[in-house]
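Please look over the structure shown below together with its sequence. The questions that follow take up a few of its features in turn.

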Amino acid sequence: MKMKNITKIIVVLTVFGLYSCDSNTYEDIEEDSITDDDIPVVITYDAHVKQIVDANCVTCHSAGATASFLPLTNYMEVKDAVENTDLLDRIQRQNGQPGLMPQTGRMPMNNIDAILEWNMDGLLEN
């Protein structure tokens with residue numbers, strides 16, 4: 001009786017193993033050609049970052065505002081802040097951490113990611 005059960009188990013496992021195998025042709029596994037949709041977008045100041053900075057930073061970081069000592073109103077000022085201050089660190093801090101920018105609360109992650117990607121892409125203007 002035990003031998004019969006073992007044989008059944010072996011048959012079931014063999015059948016399961018054969019059905020779970022996958023067969024592909026070279027055409028199936030060949031990569032599709034790259035389309036324009038596959039090419040990553042390069043983040044630029046004019047197209048992406050300016051609107052984020054204008055919406056989240058300029059209220060304080062402009063002439064006559066509380067943080068006018070570090071204006072962020074144009075490409076050169078924002079680029080300089082990324083290269084020469086701790087701007088990237090401060091926008092990544094969590095709510096409640098000292099030095100978080102903007103002080104009103106952390107920006108959405110997609111905005112932070114865009115600024116970080118802009119830095120990695122070479123801080124392009126347009």
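**A loop, a pocket and a helix pair**

In this predicted model, P102 is found in the loop between α5 and α6.

Q: What is omega, about, for the cis peptide bond that joins M101 and P102?
A: P102 belongs to the loop between α5 and α6. The peptide bond that joins M101 to P102 is cis, and its omega is about -5°.

Q: Which element gives the most to the lining of the largest pocket?
A: The largest pocket has a volume of about 400 Å³, and its lining is made up of 21 residues, with C60, H61, M101, P102 and Q103 lying nearest its centre. The elements that give two or more residues to this lining are α3 (45-56) and α5 (87-92). With 3 residues, the element that gives the most is α5.

Q: Is α3 parallel, antiparallel, perpendicular or oblique to α6?
A: Two packed helices are described by the angle between their axes and the distance between the axes. For α3 and helix α6 (residues 109-120), the axes are 10 Å apart and the packing angle is about 130°. Because angles of 65 to 115 degrees count as roughly perpendicular and those over 145 as roughly antiparallel, α3 is to α6 oblique.

Q: How many residues of the contact of α3 with α6 are nonpolar?
A: The crossing of these two helices, α3 and α6, is left-handed. On the α3 side the contact is made by Y45, V49, I52 and N56, and on the α6 side by N111, A114, I115 and W118. Among the residues of this contact, none is charged, 2 are polar, and the number that are nonpolar is 6.

Methods: Residues are numbered from 1 along each chain as its sequence is written. This is a predicted model: local features need pLDDT of at least 70, side-chain atom pairs count only at pLDDT 80 or more; totals for chains, interfaces and linings use all residues. Side-chain values use heavy atoms; hydrogens and water are left out. On a 1 Å grid over the protein atoms alone, a cavity is a set of points where a 1.4 Å probe fits but cannot get out, and a pocket is an open set with protein on both sides within 12 Å along at least five of seven lines; lining residues have an atom within 4 Å of a point. Grid points are joined across faces, edges and corners, and a volume is the space filled by probe spheres set on the points. Helices (H or I, at least four residues) and strands (E, at least two) are DSSP runs, numbered from the N terminus. Axes are lines fitted to C-alpha atoms, for helices over the stretch in contact, and angles run from 0 to 180 degrees between N-to-C directions. Angles under 35 degrees count as roughly parallel, over 145 as roughly antiparallel, 65 to 115 as roughly perpendicular and the rest as oblique. A crossing is left-handed if the near helix is turned anticlockwise from the far one by less than a right angle, and right-handed if clockwise. Contact means heavy atoms within 4.5 Å. Ala, Val, Leu, Ile, Met, Phe, Trp, Tyr, Cys and Pro count as nonpolar, Asp, Glu, Lys and Arg as charged, and the others, Gly among them, as polar.
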